Amino acid sequence: MGHYRFSKEYSLPQLFAQLVEQQADGCLHLSGGVVSWFIYLKQGKLLYASNSIDPFGRFDRYLRRLSVQIPSLVSAIRIQVRLLFEAPKLLSNEDSSLCRDYQAINWLVEQRHLNLAQAAILIEELAKEVMESLLSVQEGDYELLTIEHLPVFCQLDLPSLLEFCQSRLRQRQAAGLTASSSRPTSFNPTSPYSLSTLAQQSATAIRPVHQPIAEKETTGLHTLPRSKSSYTIACIDDSPAVLKSINSFLDDENFSVIMINDPVKALMQIIRSKPDLILLDVTMPNLDGYELCSLLRKHPSFRQTPVIMVTSNTGFLDRAKAKLVGASGYLTKPFTQPDLVKMVFKHLT
């Protein structure tokens, strides 16, 4: 089909029927106003679908649902994926022809956080939501881009997928809901797309690719060192409520949290426990966080240990003071669980 652009009111089912008939390869890029869609095809089968509406928010929702079936897919891994692929700046070794969430799945499979069957389930659920959002578009531009070396984890039948999305869209509209307000369906272990029955779907919509993925050279992407199964986090704060919140936020098999509410005794407790990272409140009685950080940096065992200052003070002078005493980072209160985990994960890698 080559590379072309066409602008007019068009019928999506007709467009996709043509792509299926001609066994199209590449990325179908559709633009409808401020939103873009990216439909990756191989021999007329759908490999992946995404759009520009918060792709990583959508990706993370489904990844969390899938983690119910895959306990090893912990929050630290999901945060790492976002840190690696969501940033605006392109990584030096990434393929810019692939959307970032597609690259993220490729990385998860390469790192063995997902197998091919699990990747196939994730891709199909994402495709349902993306294609359903596309069905409301009546006018726009599209082009088919030739892309080499597309990663293939499954191949979805486009007519079947469109029929499913049209049916679900009609049901939502009949219930008084619009496509824009629809929410994704959750992963259900008893659904026909669960891990236990995926093999039975090979003759229908999902066709997982069974060839093993070739071993690749080191990508240079950072991962938590595999030699450590747990990281000790020391949290120093005179507020029991803050300590409880941080302990709850870091409730993960990758982390072991030591809660310290007395800054005067904190130094000896840290020396005994030798944490991998220290969260340090700035405003504490008798000994503030800046003084404690300065003392830690003078100890030979903690000159390189990440120390994150936790405070509600956001001024330039406060940040400058934190830097002067050797703090590694600055976390502003109030913070969310993603804020905390991203900061911790950033400095552990």
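This report describes a predicted model, beginning with a helix and its surroundings and ending with an open sheet.

## Helix H1 and its two sides

Helix H1 spans residues 12-21, and within it Leu 12, Leu 15, Phe 16 and Leu 19 are buried. These residues lie on the same side of H1, because they cover an arc of only 90 degrees around the axis. Gln 14 and Glu 21, on the other side of H1, are exposed.

After H1 comes Gln 23, which has a positive phi near 50 degrees.

## Strand E2 and its partners

Strand E2 is largely enclosed by the rest of the structure, since five of its seven residues are buried. Its pairing with E3 is antiparallel and extends over seven bridges. In this pairing, Gly 26 is placed opposite Leu 41 of E3. Two residues separate the strands in the hairpin of E2 and E3, where Gly 33 adopts a positive phi near 75 degrees.

E2 also pairs with E5, again in the antiparallel sense, over five bridges. Here Leu 30 is found opposite Tyr 142 in E5.

In soluble globular proteins, nonpolar side chains tend to be buried together. The largest nonpolar core in this model has 86 residues, of which Phe 59 and Met 131 touch the most other members. Helix H5 makes the greatest contribution to this core, giving eleven residues.

When neighbours within four places in sequence are left aside, the contacts of Met 131 are Phe 16, Ile 39, Leu 46, Ala 49, Leu 158, Leu 161, Leu 162 and Cys 165. One of these, Phe 16, is among the buried residues of H1.

## The open five-stranded sheet

Five strands form an open sheet with parallel pairing, in the order E9-E8-E10-E11-E12. At its edges are strand E9 (255-260) and strand E12 (329-332), each of which pairs on one side only. From one strand to the next, the twist averages 20 degrees.

Strand E11, residues 307-311, runs parallel to E12 and is joined to E12 by four bridges. Within this pair, Val 310 has Leu 331 of E12 as its bridge partner.

Key:
Residues numbered from 1 in each chain as written. Predicted model: local features only at pLDDT ≥ 70, side-chain atom pairs only at ≥ 80, totals over all residues. Heavy atoms only, no water. Buried < 20%, exposed > 50% of the residue type's maximum accessible area, 1.4 Å probe, protein only. Arc of directions from axis to C-beta. Pairing = 2+ DSSP bridges. Core = buried A, V, L, I, M, F, W, Y, C linked by side-chain atoms within 4.5 Å. Contact = heavy atoms within 4.5 Å. Axes fitted to C-alpha atoms, helices over the stretch in contact; angles between N-to-C directions.
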